[in-house]
Amino acid sequence: MLAARQRAAEVGVAAVDALTGAVLALLAAAANGKAVVELGTGAGVSSLWLLRGMRPGGILTSVDSESEHQRLAKASLAEAGVPAGRARLIAGRALDVLPRLSDAAYDLLFCDAAKSENPDYLEAAARLLRPAGVIVFAGALAGGRIAEPAARDPETVALRELAKTVRDDGRFVTAALPVGTGLLVAARTC
Ligand SMILES: C[S@@+](CC[C@H](N)C(=O)[O-])C[C@H]1O[C@@H](n2cnc3c(N)ncnc32)[C@H](O)[C@@H]1O
């Protein structure tokens with residue numbers, strides 16, 4: 001995990017902090033994670049946390065548009081002793097890869113790629129997740145800024161909109177968790 005974090009720092013990737021990682025592992029376990037999708041592999045820090053919570057034979061599909069990041073993640077997973085068959089690393093843009101994934105086949109979708117695409121990831125989740133499956137958005141509270149009315153920068157405004165959209169979407173039950181820069185978690189109800 002430390003080596004993965006170091007690799008992330010070397011290429012300027014913001015990896016999840018340890019508390020956020022522990023919550024990801026918990027959610028992957030609570031969702032009975034046999035098949036999990038991660039958007040935004042980075043150098044593999046969050047991948048390792050997700051795998052830690054998943055079922056022993058569970059398979060993580062992780063997507064990143066930067067092949068260099070995926071190369072680093074592959075090294076992180078191998079160094080951590082993760083068997084090659086447990087992680088399917090796909091180099092590509094999330095919106096190009098998501099349509100290729102099967103319907104209602106996934107227990108959890110972790111979104112940590114392009115924040116501007118978060119609404120598209122939510123729509124994809126409605127198709128990809130099994131009932132009671134979970135979607136998690138990283139950095140969704142902008143470190144608390146979404147609660148500050150004076151914060152009007154485009155990213156904070158988009159995250160605020162996302163939180164409202166998920167809250168008002170009858171297909172999901174949701175909660176915001178103030179860990180790290182904030183996790184927005186929603187479970188499919190139907
Ligand atoms: C914040 S980092 C992910 C960090 C990782 N989840 C972790 O905690 O270790 C975001 C990653 O998303 C990737 N990315 C950005 N836009 C993307 C897109 N549209 N599709 C797929 N990956 C994307 C970047 O290359 C980067 O590696």
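Residues are numbered from 1 along each chain as its sequence is written, and side-chain values use heavy atoms, with hydrogens and water left out. Because the model is predicted, local features need pLDDT of at least 70 and side-chain atom pairs count only at pLDDT 80 or more, whereas totals for chains, interfaces and linings use all residues.

The axes of helix α1 (residues 2–10) and helix α4 (residues 67–79) come within 9 Å and cross at roughly 170 degrees, which makes α1 roughly antiparallel to α4 (a term for angles over 145 degrees). The contact, defined by heavy atoms within 4.5 Å, is made by A3, A4 and R7 of α1 together with L72, A75, S76 and E79 of α4. These residues divide into 4 nonpolar, 1 polar and 2 charged.

Across the whole structure, 9 salt bridges are found, each being a side-chain nitrogen of Lys or Arg within 4 Å of a carboxyl oxygen of Asp or Glu. One of them joins the side chains of E123 and R171 at 2.9 Å, N to O; E123 lies in helix α6 (residues 118–128) and R171 in the loop between α7 (154–168) and β6 (172–177), so the pair ties together parts that are 48 residues apart in sequence. R171 also meets D169 in a salt bridge of 2.7 Å, N to O. D169 counts as buried at 12% relative accessibility, while E123 is partly exposed at 45% (buried means under 20% relative accessible area, exposed over 50%, and partly exposed in between, with a 1.4 Å probe and protein chains only). Through shared partners, salt bridges join E123, D169 and R171 into one network.

Terms used: Axes are lines fitted to C-alpha atoms, for helices over the stretch in contact, and angles run from 0 to 180 degrees between N-to-C directions. Helices (H or I, at least four residues) and strands (E, at least two) are DSSP runs, numbered from the N terminus. Angles under 35 degrees count as roughly parallel, over 145 as roughly antiparallel, 65 to 115 as roughly perpendicular and the rest as oblique. Ala, Val, Leu, Ile, Met, Phe, Trp, Tyr, Cys and Pro count as nonpolar, Asp, Glu, Lys and Arg as charged, and the others, Gly among them, as polar.
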